[in-house]
Amino acid sequence: MPELPEVEVTRLSFASRIAGAHIHTAQLGKPLRWPLGCAPDLLHGQRVLGVRRRGKYLLIDLTDGLLLLHLGMSGSVSFGHDLPAPGKHDHFELTTSHGTLRLHDPRRFGAVVYALGEGDAAAHKLLGRLGVEPLGDSFDAASFHTALKLKKTAIKQVLLAGEIVVGVGNIYASETLFLAGIRPTTRASRLSKPRSQRLHSAIRHVLTQAVAKGGSTLKDFSNAEGQTGYFQLEAMVYDRAGQPCKVCGGPIKGMRQGQRSTFFCAVCQKP
DNA sequence: CACGGATCCTGATGGC
DNA sequence: TGCCATCAGGATCCGT
């Protein structure tokens with residue numbers, strides 16, 4: 001579900017509140033994508049040092065090791081003192097001195113994984129091949145273009161793969177490519193320097209705006225304080241097949257790429 | 001070894 | 001409480 005902006009908004013909504021908390025208990029529900037990787041008891045008595053983000057992973061730093069939390073397609077986090085009783089889709093819970101952290105994830109594509117450190121085997125398997133952070137300094141237009149040169153697949157697939165730059169999911173892939181005027185099917189290696197530069201700016205712009213607006217376009221997204229109803233970001237193309245392009249009026253096209261839906265304007269976006 | 005496809009799981013939606 | 005097919009924000013794994 002959540003792309004980078006939703007994950008970052010989630011992080012911002014509970015990171016400062018949980019920092020410094022002492023963990024009382026850790027409880028698991030139904031299996032998630034991967035096993036926790038340690039006995040829940042191991043977390044008892046540890047302290048939460050802070051919460052960082054890497055790509056779409058939340059990294060919860062503990063006194064001894066860290067938890068890697070991924071929201072998958074349908075995950076959301078709640079944190080507070082008076083959460084309602086756990087429901088059937090709540091699959092991880094951490095009770096702490098500062099409140100209860102809960103992962104709600106109906107489809108269970110999400111995960112919570114314990115790692116001893118950011119570089120250990122468990123963490124490396126998940127974080128090891130991630131591309132650069134789109135909102136960080138290491139995401140620059142020149143090296144982005146250089147990296148794209150080596151990829152012969154469709155640019156949209158390259159964005160989703162997250163090996164060059166992380167955080168762009170299915171919605172924002174369509175949106176950033178529209179903004180950059182690039183057809184999703186264009187081979188990444190064929191993008192000229194100016195066009196990859198436009199894409200670079202589009203990615204930074206769209207993701208920055210989405211974080212600022214509190215997380216998007218997602219119909220059922222809520223942050224860890226349970227706030228929903230954000231909807232300020234109108235999609236230009238995503239889920240708008242058949243509707244008029246907001247720029248040129250032509251019909252938005254829908255197609256599938258690698259089992260995922262893609263939307264674009266054939267007039268505004270060039271091959 | 002780079003690429004495309006199948007796969008995990010539950011719920012919402014729409015056609016019949 | 002109709003039934004069935006299709007689709008949904010992700011990303012790893014497995015053939016070719």
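A polar contact is a pair of N or O atoms within 3.5 Å. The model described here is predicted.

## Polar contacts to DNA strand B

His-89 uses its side chain instead, with a polar atom 2.6 Å from a phosphate oxygen of DNA strand B. A base oxygen of DNA strand B is approached by Arg-107, whose side chain places an N or O atom 3.0 Å away.

## Surroundings of DNA strand B

His-89, Pro-106 and Arg-107 are among the residues that surround DNA strand B; the others are Lys-30, Lys-88, Arg-108, Phe-109, Lys-152, Thr-153 and Gln-259. Of the atoms of DNA strand B that come within 4 Å of the protein, 65% belong to sugar and phosphate. Sorted by class, the surface near DNA strand B has five charged, three polar and two nonpolar residues.

## Salt bridges within the protein

The structure contains 10 salt bridges. One of them pairs Arg-54 with Glu-133, with 2.9 Å between the closest N and O atoms. This pair links distant parts of the chain, 79 residues apart. Arg-54 belongs to strand E2 (residues 48-54), while Glu-133 sits in the loop between helix H2 (121-127) and helix H3 (141-149). Glu-133 has a relative accessible area of 17% and is therefore buried, the cut-off being under 20%.

Glu-93 and Arg-102 form another salt bridge, at 2.6 Å from N to O. Both Glu-93 and Arg-102 are buried.

A further salt bridge joins Glu-163 to Lys-151, whose closest N and O atoms are 3.2 Å apart. Glu-163 is in the loop between helix H4 (155-161) and helix H5 (170-180), and Lys-151 is in the loop between H3 and H4, so the bridge ties together parts 12 residues apart in sequence. Glu-163 counts as partly exposed because its relative accessibility is 43%. Lys-151, at a relative accessible area of 26%, is also partly exposed.

Methods
Residues numbered from 1 in each chain as written. Chains lettered and ligands numbered in written order. Predicted model: local features only at pLDDT ≥ 70, side-chain atom pairs only at ≥ 80, totals over all residues. Heavy atoms only, no water. Salt bridge = Lys/Arg side-chain N within 4 Å of Asp/Glu carboxyl O. Helix = DSSP H or I, 4+ residues; strand = E, 2+ residues; numbered from the N terminus. Buried < 20%, exposed > 50% of the residue type's maximum accessible area, 1.4 Å probe, protein only. Near = heavy atom within 4 Å. Polar contact = N/O pair within 3.5 Å; in protein donor to acceptor, adjacent residues only side chain to side chain. Nonpolar A, V, L, I, M, F, W, Y, C, P; charged D, E, K, R; others polar.
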